[in-house]
Amino acid sequence: MGEAGDSLPTKPTTSSVTIGSSLIPIINKMQDILAPVASGSELSKISLPQVAVVGSQSSGKSSVLEALVGRDFLPRGCDICTRRPLVLMLENRPPNPAQDAAQTEWGEFRHLPGKRFYDFTSIRREIQAETEREAGLNKGVSDKQIRLKITSPNVLNMTLVDLPGITKVPVGDQPSDIESRIRKMIMGHIRQENCIILAVTPANADLATSDALQLAREADPTGFRTIGVITKLDIMDRGTDASKFLLGKVVPLKLGYIGVVNRCQEDINKNRSIAAALAYEDKFFRNNPVYSSLSDSCGIPQLARKLNQILEHHIRIVLPGLKAELNSQMNAIYKELQTYGKVMESKTDLGATLLNILSKYCEAFTAMLDGKNPEMLTKELSGGARIQYIFQSIFVKSLQEVDPCDDVTDNDIRTAIQNASGTRDALFVPEVPFEVLVKREIARLLDPSLQCLRFVYEELVKISRTCEVTELQRFPVLRMRLDEVMVNFLRDGAQPAERMIENLIEMEADYINTSHPNFLGGNRAAEIAMHELKSPQGSPSQLNNNKPVSGGSTKTWLPFFGNRTSSEGSPDSRSFGDQNHSQSMPSVIQLREPPSILRPIEVTEHKAVEIVITKLLLRSYYDIVRKNIQDLVPKAIMHFLVNLTKRSLHRTFIQKFYRENLFEELLQEHDAFVLKRKHIQELLPVLEQSLQTLEKVEFDVSCRTSSFGTDASTELPRITRISPPHQQYLTTSGEMSQSRYHSSSRSFVTNTTA
């Protein structure tokens, strides 16, 4: 039940009810729609128009809010009372004549859906209990919102957010950085462009150093979104007043200031009703000569109407952008939902999904190889372009840079030629040294060819792992099995390619085709060699002259081993010796023992020609083989590995995976995807409902906007200026006189006391 002393049974004037009668309730409805799913989701970024109440502790924030509602319902105390943001949605609903008067006002909490609180003392207790559930029993704070809707015929439509009061010194179990935490929480709300800032400052404080105004200036440097509220005007020192504050001469604000009179703690302790407090406020302003001339800037009724109309107008301005943002969010969420797919319930659905994934995977793999990937990179090479780069810029270019004579010295060639000549000097360049050397150079082509194959294999593995099919992300088991099958398939394809490459090298080495039309040939090589040797740059090293081993002209033949026989030899020998006894015997010639390793003799002109010819023939034939290998190795890799993969991959997947007994195992969804799909499925209808809600009032908004003039300086409905130019009083008709203020204010008060 409601509190009888505070009940406001009569409704506001007709003009008051019509202000914000359509738009603000719609925003409140959207708050209800979005609140259950917005926390921690993409929808939390959607900023709905609302009024955030900012002020230091004991600034009178709670009294202002209760006066706007006309009820005592907020926690009270000497320390921090608001410890969690309280989103307060006020909804005007005319009373039903058939309804019990005590049930025309009620509150509803978002965390207790369907439960109405007709007793506002119970609302206070629930706020305290919910605060303690989240922020603890002492003085801790939390940024998790409490959402409360109050429906009454005595309120104007608006959405207010009561934020924790700014504090300087930690109390209770508050952390040492409580001030910075509260400031961060406040800034998180008031930085939003759709937020109107209600900066509350007591009249007995220095407005220039007001915490509320400082935060408001930081979040709203231009002051277009800030309304100042000066509280406790009745307790200022005698002889002083807040006229300079209200006139904006101290801290100017585009939307101006409203001065109010709060209930003091004694009034609260004595259960002085809000209706009585409003009557006292009205009397105070009427009897004060300073404030009576500033009637459009004084009083709770003026604040309610001004807030209501500013919020209403602000909603009109942001409504198109809000609708566009909702549409954008819905499109993004719809696309995301498509990536999560539908829940599969039957074997048929599982099989169809599996086939679809396998087909898309193979198509995506082929598209990446063929350069038809719709998500083509522009910063680096990818897919088939990388394989082409391996073939042309790595494999072919590397072979072109190889000189077959780089690792063959002239001594190597001379030695090979001499070994091939055997016991005779060759009249012509022998073929055997050429074949030995050229086969050795051909064998060197095997390693780079196999490296090229390995590079392409690794690229295909990379492509397979970066080939992400959207639906495949849901099924980690299938993803893992696909990777396993893909690697094995590529490895199997690489083996015949490897054998083919080895065969190509062996074929080239097994038959040296000197009849090849591009081969230089011996005659042509000899001509070139002679020309090179005759040129100054190509002259051979100076030839060694053969000198006789002795100076005599006659040759003396000695036994094979070079040992002389004994003087007691044959008679002929003795007689020969006897006959030439008077002549001296020639000296014995001793040969050097041949070393274990023999090197060829020094180069002669003939040998130099042979070396040059061999080099020319070696380079000529190697160039023929190199071109063949450069052409055939990429073809072998493409045929046995790359194109085979494109042709046979889908068939292999079907053979490996398309079995009913594997469906459930392979298509077991990742838990995170199940949760995300469920979450997205909840968000989509919420956004659809929000858009439908906005669309219902588009025509009404356009009609209402056309009926209002606007003030170019504030973009608010144009009004008649009564007090100084920067002050505005906002009503439905746009006109207000001082006498009308008094009459409407008295009417509001007398109705509440009736």
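Which helix is the place of glutamate 508 in?

Reply: Glutamate 508 sits in helix 17, which covers residues 476-510. Helices here are DSSP runs of H or I with at least four residues, strands are E runs of at least two, and both are numbered from the N terminus. Before going on: this is a predicted model, so local features need pLDDT of at least 70 and side-chain atom pairs count only at pLDDT 80 or more, while totals for chains, interfaces and linings use all residues. Residues are numbered from 1 along each chain as its sequence is written, and side-chain values use heavy atoms, with hydrogens and water left out.

Glutamate 508 is buried but has no salt bridge. Buried means under 20% relative accessible area, exposed means over 50%, and partly exposed is in between (1.4 Å probe, protein chains only). A salt bridge needs a side-chain nitrogen of Lys or Arg within 4 Å of a carboxyl oxygen of Asp or Glu. For glutamate 508, the nearest side chain of opposite charge is lysine 439, and that is 12 Å away. On charge, Lys and Arg count as positive, Asp and Glu as negative, and His and the chain ends are not counted.

What glutamate 508 does have is a polar contact, side chain to side chain, with asparagine 628 at 3.1 Å. (That term means a pair of N or O atoms within 3.5 Å; within protein, one must be able to donate a hydrogen and the other to accept it, and residues adjacent in sequence count only if both atoms are side-chain atoms.) Asn628 also turns up among the contacts of glutamate 508, along with Ile442, Val625 and Ile629, once neighbours within four places in sequence are set aside. Contact here means heavy atoms within 4.5 Å.

Elsewhere in helix 17 you'll find arginine 499, which is partly exposed, with a relative accessible area of 49%.

Now for the wider setting. The protein chain has 24 helices and nine strands, and buried residues make up 46% of its 754 residues. Among contacts between residues at least 6 apart in sequence, 82% join residues at least 24 apart.

Arginine 71 is buried at 3% relative accessible area, and glutamate 105 is buried at 4%.

Aspartate 72 has a salt bridge as well, with arginine 263 (2.1 Å, N to O). That pair links distant parts of the chain, 191 residues apart: arginine 263 is in the loop between strand 9 (257-259) and helix 8 (265-269), and aspartate 72 is in the loop between helix 3 and strand 2. Both arginine 263 and aspartate 72 are buried. Helix 3 itself (residues 61-69) is mostly covered, with nine of its nine residues buried. Just after helix 3, glycine 70 takes a positive phi of about 85°.

Within helix 4 (residues 120-135), glutamate 130 and arginine 133 are three residues apart, about one turn of the helix. They form a salt bridge too, with closest N and O atoms 2.5 Å apart. Glutamate 130 is buried at 12% relative accessibility, whereas arginine 133 is exposed at 52%. Both belong to a network of salt bridges that links Arg84, Glu126, Glu130 and Arg133.

As for rings, the structure holds eight aromatic pairs. Rings of Phe, Tyr and Trp (its six-membered ring) pair if their centres lie within 6.5 Å; planes under 30 degrees apart count as stacked, over 60 as edge-to-face and the rest as tilted. Phenylalanine 284 and phenylalanine 285 pair edge-to-face, 5.5 Å centre to centre with 65° between the planes. Phenylalanine 285 and tyrosine 291 are edge-to-face as well, at 5.7 Å and 85°. Ring pairs link Tyr280, Phe284, Phe285 and Tyr291 into a cluster.
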